[in-house]
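Hello,

Here is the structure we talked about. Please open it next to this email, and my notes follow below.

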Amino acid sequence: MTMDKLYPSLSFAHGETPLSWAARLAAFHTGGGLRPFLNDMDVPLMRLAGGHADAIRPLCELAGQDHKVVEYNTIRSLGRMRFSLRCEVFSKEFMTGAVTRFCPACLAEDESGANRPHARRRARLNWLFTPVRICPHHQLPLIQRRRDAWDNKARELRVLVPETGAELLALAASSPKRPPSPLQDYVIGLLDGVKGPEWLDGQGIEQAVRATEVLGAVLKFGADAKGGGLKELEWDEAGRTGWVYVSGGQASIREALDVILADARHPATRCQIRDRTYGMLYSWLARTKLSKEPGPIRGILREHILDNFDVKAGQPLLGKSGVQPRHRNIASLAASEGVHDVAFKDVLRAKGVIQEDEAKRPASHVLVDYEIGKAVAAEMKRAVAVTLLPKILNASRPMVAALIDEGLLTPLHDGGLKLGKISRAVDREHVDALLARIERIATPVADAPENLVSLAKSAEISRKKIQLILSAVFGGRLQRVMRLEKKPGLSGLLVDPREVKSLTPRGRPGMSAGLAFMMLGIGAVAGKRLISGQFCERVLKTVSVPGEGDAWVTPAAMACFRSRYVTFKSLLIEAKCKQPQLKQMLAAHEVTPAFDPKTLGAILYRRADLPESLGI
C-alpha cells in the first residue's frame, strides 16, 4: 500500500503506547496485522518499538497525528538496557519484558459494539511496568501473555489476546477484585509528574520500587522467602507491606528493620550477619557486583547492621570498605584487645555494661558497645595487682603500701575488677610514670657515695616512717637523692639519713598533674591547657610545690573537676548506653562540648548541661 496520508484518520488515544496505536492503524486501514502494515509504511518495527524518532515521526506524518502527543507516551531506548519515559530513567527489569499484560475488562469496553474491534482495543502504557499489576479502573489483576519472540516484541493484542466480547468478560469475571497498591499508585503518579513521599522521590523510580518491594517481601513472607519463588500477586502484597514503612522515610524504614530483627529465629546469630536475618534484602544489597545502584536503602541497612551486629574493624560492608564497628561480641573483642574473655565478661557484668542474663550466655553470643568494651579492656590491661608491685617496683611490701597511702599510686576503684580475678590493683600507667619519675629526680651513680644509704636503711637510722621518707623524696624535700644504675626501682634509691632525720611530718595528699591527667582520661597536651587558664579559668586547679617541677592536684581539686566535667568516654560508661544512642541523646538536647574539641584536644562536657534522662 502506498499513499501520502492515511485516511480517514485514527487519533492516538490517551494513555496508550505507540505500538498499540500502530496496531490499531493496521486493523483500521487494512484489517490486517501490525508487521505487514509497518512494512508497507516503510516504518521499521524494532525502531518503533525502541521509541526512536525516525520511526515515530514518519508514522505520525502519515496518520496526520501530532508527534509530540505520541512521543509523550514513548519509552525511549538509551542503550545498554536503559530506558527513559518523560523525566524518569530505568532499566529493562522495570518493564515486563517479553510478557504483555492486559485487563480483559478494559479490552472488552474498548471494542464494545465496534465493527473492527481490533481497531479499538488499546494497550495501556502503564501495563508495561513491572510494579503495575492491578487495573486501576476495574481493580482486576492484569493477565499476562507471551508467544514467540517477534510477537512478544510487537505486543500486538489481536495476536496475544485472541479472545473477544463475552470471552473477555468471562476472563474478567474469573478474577477476584482487589484495589491497586499504594506503590502502584505512586509509580503511575510519578510517571505523570505527581510527587510522592520525600524519601522515595529522592532516588530513581526503579530504586524506590525495588527497595519497597524487597523490604516488604521480607516483612510479609519472612527471611527465608526467595525472590524467584514469589508470584506476581505476592509481589503486589510485598509492595503494599513495604509501602507502610518506606512512605514514612528513613526513621520508619529503621522500624521495619527492627521488626525483621525481632522476628529473626536465631537471635544469638547477631554476632554474625546472615541472609536468614534480613533475607533477600541483605542478599540483594550485599552483592559485590550490582548492575544498578540500589539507592539509599543500602546505607540504611548498613547503619542498622552496625547498630545491631558484630562487625569486624575494616570489614567491607554493603558496598563500603573500612567500616568502623559499633559492636563486637565479647570473645572477639577480648581476643583483639588481648584480655581473657571470661574475666572480660565478668568485669563487663560488674560494670553494668551487660546484663545478668547476657553474662550466662557464651561470650561469642554477647554484643557490647565497641568503644565501651575497648575502654574496659584497656582498664583491665592497665590494671596491675598490688601483690605484683613489689617485684615491678623492686620495693618492699611496706614501701608499696606507703606509696598507696601517700597517694603516689592511686588504686583503681573496684569497677568489676574483683570479678575479673584482680582483687586490688593500680593503673599501669601510674606505675610507669612513677618509675620514670625516679629516673628524673634521682642522679644516677655507679656506686653508693659516702653517707648515702637505701630508703630502708635511712628509715632504720632516722627512725622515720617510710611513708614520710617517700613523700619527701617525690615531693622534692630532700636535696641529695641518687640511684644506683644497676639497681632499678625503689631499692636503688639513695638518700642522706641526716636529711631524713630532720624531716617533719607534712601532709600533702594528692598527685602530680601528669598522673591526674591520666586518671581523668585526658591527654597531657589537653591537660596542660586545662590548668593553664587558657579558657578564662583554670578548669583543673593545681598548687605549686617547692622543689617539685610538676604541678600538684589535690583530692579536692580532683573531686571538684569530676563534679563539674566529664569526658565522652567516661560518660559512655556512666550512662551505660551505646555510643550512637548517647550521641543522639546529646544532639537531641543540644548538648555541646564545654570547650572546642579542636582547641582543647579532648571532648569534655559540663555535667550541668547533661539531660536528666541520662540518669547520672
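**Cores**

The largest nonpolar core holds 71 residues, and I75, F90, F129, L215, L281, L301 and I305 touch the most other members. Helix α12 (residues 205-221) gives the largest share of this core, eight residues. A nonpolar core here is a set of buried Ala, Val, Leu, Ile, Met, Phe, Trp, Tyr and Cys residues joined through side-chain atoms within 4.5 Å. Buried means under 20% relative accessible area, exposed over 50%, and partly exposed in between (1.4 Å probe, protein chains only). Helices (H or I, at least four residues) and strands (E, at least two) are DSSP runs, numbered from the N terminus.

This is a predicted model, so local features need pLDDT of at least 70 and side-chain atom pairs count only at pLDDT 80 or more, while totals for chains, interfaces and linings use all residues. Residues are numbered from 1 along each chain as its sequence is written, and side-chain values use heavy atoms, with hydrogens and water left out.

What does F90 touch, leaving aside its neighbours within four places in sequence? F90 is then in contact (heavy atoms within 4.5 Å) with I75, M81, R82, F83, S84, L85, M95, F129, I205 and E206. There is also a second, separate core of 34 residues, and L409, V431, L455 and W552 are among them. In soluble globular proteins, nonpolar side chains tend to be buried together.

**Helix α28**

Helix α28 covers residues 513-520. Its buried residues are A513, L515, A516, F517 and L520. The elements that cover them include α24 (428-441), β14 (511-512), α29 (524-531), β15 (552-553), α30 (555-564) and β16 (565-567). Just after α28, G521 takes a positive phi of about 75 degrees.

**Two crossing helices**

Look at α14 (residues 250-262) and α17 next. Their axes come within 10 Å and cross at roughly 50 degrees. That makes α14 oblique to α17. Axes are lines fitted to C-alpha atoms, for helices over the stretch in contact, and angles run from 0 to 180 degrees between N-to-C directions. Angles under 35 degrees count as roughly parallel, over 145 as roughly antiparallel, 65 to 115 as roughly perpendicular and the rest as oblique.

From α14, the contact uses Q250, I253, R254, L257, D258 and L261. From α17, it uses I297, I300, L301, E303, H304, D307 and N308.

**Salt bridges**

How many salt bridges does a search of the whole structure find? The count is 34. Each is a side-chain nitrogen of Lys or Arg within 4 Å of a carboxyl oxygen of Asp or Glu.

- R326 pairs with E303, with the closest N and O atoms 2.5 Å apart. R326 sits in the loop between α17 (297-308) and β6 (327-329), and E303 in helix α17, 23 residues apart. R326 is partly exposed at 22%, and E303 is partly exposed at 30%.
- R178 and E237 meet at 2.5 Å, N to O. R178 is in the loop between α9 (166-173) and α10 (182-191), E237 is in helix α13 (residues 232-246), and the two are 59 residues apart. R178 is buried at 18% relative accessibility, whereas E237 is partly exposed at 25%.
- R480 bridges to D496, with the closest N and O atoms 3.3 Å apart. R480 is partly exposed, with a relative accessible area of 31%, but D496 is buried at 5%.

Shared partners also join R101, R133, E213 and E232 into one network of salt bridges.

Best wishes
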